[in-house]
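Please read them alongside the sequence and the coordinates.

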Amino acid sequence: MIAKILVDIKSKNVDKTYDYNIPPQFIGILEIGARVIVPFGNRSVMGFCLEIAENSEYQNTLKNIDRIIDVEPYLTLELIELAKEMQVQSSSLLIQIFQTMLPAALKVVYKPKIEAIHFEELPQELQKVFEYSEELMLDSIDPELYPIIKQQIRKQNLKQIYDIKPKNRSLAFKYVKLTRKTNEGLTPKQHSVFAYLSTQKNKQAKLKMLLEVLNITSSVINTMEKNGYLNTFYKETYREIKPLNEPKSKSIILNEDQEIAFQKIKASFGTEKTFLLHGITGSGKTEIYIKSIQEVVKRNQSVLFLVPEISLTPMMMSRLKAEFKEQVAVLHSGLSAMEKYDEWRRIVRKEATIVVGARSACFAPVEDLGLIIVDECHESSYKQDTTPNYYAIDVLMRRSASEKAVLILGSATPNIESYARYIRGYFELLTLDKRALNAKLPQVEVVDMKQEFIQGNSSSFSKSLQTEIQSRLDRKEQVILLLNRRGYSNFIICRNCGHVFMCPNCDVSLTYHEHSHSLKCHYCNHDEPMPKTCTKCGSDALRYMGSGTQRVETELAQLFPTANIIRMDNDTTRTKNAHERLLHEFETTGDILLGTQMIAKGLDFPNVTLVGIIQADANLYVSDFRASEKTFQLIMQVSGRAGRRDTEGKVVIQAFNPEHYAIRFACESDYLGFYHHEMNIRRLAKYAPFYFMVELKVMGPNIRDVFYNGIEIVKFLKRNFDKGTIVLGPAIPVVRRINNRYLCEIMIKYRENEQIDTILGQMMDQYQMQDNLIHIDRFPNVG
């Protein structure tokens, strides 16, 4: 028997599998998806077993696998096939894709151990092995016993765990366990250790706790271990992930429209089906999600539930934990590496069958998928821009087809491409056009900020919005204010010489942050103290230009000094559980929630009756063909936070271009009107969904070399593509230098091109260089 192994080396030259002999003691033990240690050149490396076969086509003598790391694999067959498809599409290294899929903790150095769960159920030969310790290093056990161990793991009498090496001690707790029944020949301090451990469950305790309780040093433990009275080991335990606030279960009674949608979903279980759940804000999409999950759980199947923002994960987790208790696992970037690892293990072991999380949760190793839910499916946060580039919804559509699972894409403002797929018959539409609980849609007022400025109001807040805020504060109601920009000011300018403080690594201005009194780059994270004088002319006539969330917060505090203002942006949500803590603070004691896009969606606060959008048209004229769609979606989403219960809500939209069609359709809550208007524009401009699009970014330290390489790439593509394929560029992007690497962009538009993967692969092989990298974005219409 041979195994095809992908080695853990990031190099195009070894981006393939290598054949290795499976030693007799590992036959029947090694599984596809497991990690192994193999000799490679003059060293040993870790690798993934991607295939097991009877024979090899390699004619020379094969090397043996040194050892197995995993008795239970953490990569499923489905994830392996998915990674291979992504490798072709993104032209990334296969090992990079696996590293993206797997928790970071699996990359660290650790040793596998076997733990006896039900000692009395073990065969006689294993009871002898585990007689003095319930946990043993796997490599300390005779390999001839591996087949029996494998069998007992499947019967859940044994469990594979890991002993972490000292440099990763934070990944496990060190324990002490008695191994002798007599205490003869012990010193008084050693007697106290023996007596303490004799009273503990399984005659073991955490080392740190034992040292503190008995007031002894580790030398006592070391001597007893040396003399065979006890042994020490690192024991992994699950990190508990729970909401800061106790989950509360809610009874769910669907209205007529919700019931119709739910019954159509229920009738489709067991088939590959995609539903586009188009429900206005506050229409009760979450209730349909939960009812659908309940049905899938009854069928003993698994569920994947994605949300677009980490800020929404605690709220959804709390709701699901209340309904499904320990069946729920959580995966998102706000967790520590070891918390993710623990959740991944719970999913692999089928201890959790409902997974909720952000983008990366699309790779959760759930088996027997019955239902996949993507909430706020229009959000660009479901796309990863860095290598390997992927779009979570594209990944989930593949998994839906593979597992014959129902996929629900929910949104109040589906992106243009999704709605077009419904029109063309690929998706089935489910519509919720009324708010749940008979709540009314909020009133909408649009304020022309040009007129405010003419009338002498230079504040970030129009007179109308100020009046409305004060009215809500007087009535003890709550307010949400959206500003799509963090920091204090957009940039700092010297009024004497006109110098603007720029990032030394990127072609962008630095943003002033008042809290740290520093200038920061939001592209490369460069940070420098705020200077007192101009670095060019020495003048102290520095002026803060524009307005960020910090500056607006200061202005708010001056206008409404008694209000409790909660600011929520990337700067205030960097710490662990910050999203949940800030939202809870607003719900219980807050008056005004000021934030960026993260507060625009999914939040349900009954007492919020006013929403203010401070710069509704701030992003309308950026270099992005989706700018109008993003503005429309943002206004619609944040407007939906107002008046979600009995009290009617109001939305005040401030803009310098209030007549723009995106703002006009959003004010009228007219999704279909906006859809048809936008489709006409995209048809003329040959954008998605009328054309498939691929964007290439060429990056390097020298702008001349970057553009020369870009020109050669365009020539290559035009030679190899058919006449129906459009190749544009190379062009200079809005920000031409990021982190000291210059960029140029090439856009490919096509309707049908079966050779696109092959041609792009050939292009990467020919033009990808060490200094000039090429990034392929298969989803430029998202993000």
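1. How many bridges join strand β13 to strand β15? Four bridges do so, between residues 302-306 of β13 and residues 354-357 of β15, and the two strands run parallel. Leu306 stands opposite Gly357 in β15. Strands (E, at least two residues) and helices (H or I, at least four) are DSSP runs numbered from the N terminus, and two strands pair if DSSP finds at least two bridges between them.

2. On sources: this is a predicted model, in which local features need pLDDT of at least 70 and side-chain atom pairs count only at pLDDT 80 or more, while totals for chains, interfaces and linings use all residues. Residues are numbered from 1 along each chain as its sequence is written, and side-chain values use heavy atoms, with hydrogens and water left out.

3. The open sheet has seven strands in the order β14-β15-β13-β16-β19-β12-β20, with parallel pairing. Its edge strands, β14 (328-331) and β20 (428-432), each pair on one side only. The twist averages 15 degrees from one strand to the next. Helix α8 (residues 256-267) packs on the sheet and touches β12 (273-279), β19 (406-411) and β20; the direction of α8 makes about 160 degrees with that of β20. Contact means heavy atoms within 4.5 Å; axes are lines fitted to C-alpha atoms, for helices over the stretch in contact, and angles run from 0 to 180 degrees between N-to-C directions.

4. In the largest nonpolar core, of 132 residues, Phe98, Met101 and Leu320 touch the most other members. A nonpolar core is a set of buried Ala, Val, Leu, Ile, Met, Phe, Trp, Tyr and Cys residues joined through side-chain atoms within 4.5 Å; buried means under 20% relative accessible area, exposed over 50%, partly exposed in between (1.4 Å probe, protein chains only). Helix α19 (residues 661-667) gives the most to this core, with six residues.

5. A search of the whole structure finds zero disulfides, a disulfide being a pair of cysteine sulfur atoms within 2.5 Å. The sulfur of Cys524 has its closest cysteine sulfur in Cys503, 3.6 Å away, too far for a bond. Cys524 is buried, at 17% relative accessibility.

6. Phe363 and Tyr390 form an edge-to-face pair, because their ring centres are 4.9 Å apart and their planes at 65 degrees. Rings of Phe, Tyr and Trp (its six-membered ring) pair if their centres lie within 6.5 Å; planes under 30 degrees apart count as stacked, over 60 as edge-to-face and the rest as tilted. Phe363 is buried, at 1% relative accessible area, as is Tyr390, at 3%.
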